Amino acid sequence: MNSVNNKYEALILSYLDGQCSAEEALELLSWVAESEENRLYFKALKDQNEVWNLTDFAMPELDESDVNAALDAVNTKIDAIEETETKVVQMPWIRRNYRYVSGVAAAFLIALFVGFLVRNPFNSTVTYAFNGQNESSFVLPDGTSVNFDCESTITYPEQFDKSSRSVDFEGVAYFDVTKDENRPFVIHCNNMDVEVLGTTFLLNADKDMERYFVDLYTGKVSMTAFDKKGRELSKIEVTPGERGVWNAAEGELKTMSYPEVKEEELANNHVLVFDNESLSKIVEALEYLYKVEIELDEACAAKKLTARFSDEESIDEVLETIAIVSEVTVTKSDGAYQIR
């Protein structure tokens, strides 16, 4: 019996590690069904196998026809044993416990299917790398669109699961996330996660930069920072018009208003950049930076402007340029400016 046990011990361990073939799994199924001793032997090895106990794969539902097919194979094996075996003391137990054997067969088929998923997962991951020469626009399986702004990489599953949508990302891209309140969309960026339900935002997660940031346009996102051991450090929520900033060097998460972002931009680059921004947002930033009051007519608020101004330009020079490019009228009265 020791040689038999050694053979099936190796087969059982191979099975629990997801390494055996379908034929070997069927042989093991038939052997376990032959006797209670074999069943107990299998259970003892399964309980000792730490990999099996830690498995977190969901057990899929099996079609009844699959279970019946497995049972037919087991019964064929049993009939052959009845015809050739002189000692059949185990057969009555199997016949009396047909339902139990059915359950074992179903469990084995489920485990076989899980083992197949481990070795040949249906839902494998895909990596798309934008290098500046291939397509900059990309659509994920849930309909979320990603428009890359520079060399970037995104890794995602071929199909998102039923409870969440999760991707890994490096680079700079504009995300337009398909709304799904039952499945949050999570972007993993080194030691920082961005979680959304459905929104539009620009994510800068360049691995060579000390700071990652999210510029939010619509909706709401949360940003969560983790230490190197995966423990949560802090969490913030970002609302439209704000920038969420993760400073990896300082281990700090914070939000910045639009005027604060422009002030930092001007201080660091000595250039103020507006990229297809509405006049309402531009006026907000100018009032903050130049400490002036600007009255903007509602009819002009939605006009868009793309422009660059240096820190040497006065507010009068900036507004004069805006008037020419946006075809608006700028006047000044009692120290305040009016745009119409």
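Visitor: How many helices and strands does the protein chain have?
Guide: This is a predicted model, where local features need pLDDT of at least 70 and side-chain atom pairs count only at pLDDT 80 or more, while totals for chains, interfaces and linings use all residues. Residues are numbered from 1 along each chain as its sequence is written, and side-chain values use heavy atoms, with hydrogens and water left out. Helices (H or I, at least four residues) and strands (E, at least two) are DSSP runs, numbered from the N terminus. On that basis the protein chain has 10 helices and 18 strands.

Visitor: Which element gives the largest share of the lining of the largest pocket?
Guide: A pocket here is an open set of points on a 1 Å grid where a 1.4 Å probe fits, with protein on both sides within 12 Å along at least five of seven lines; lining residues have an atom within 4 Å of a point. The lining runs to 26 residues, with Leu202, Asp215, Tyr217, Asp275 and Glu277 nearest the centre. Elements supplying at least two residues each include β8 (200-205), β9 (211-218) and β14 (271-278). The largest share, 5 residues, comes from β14.
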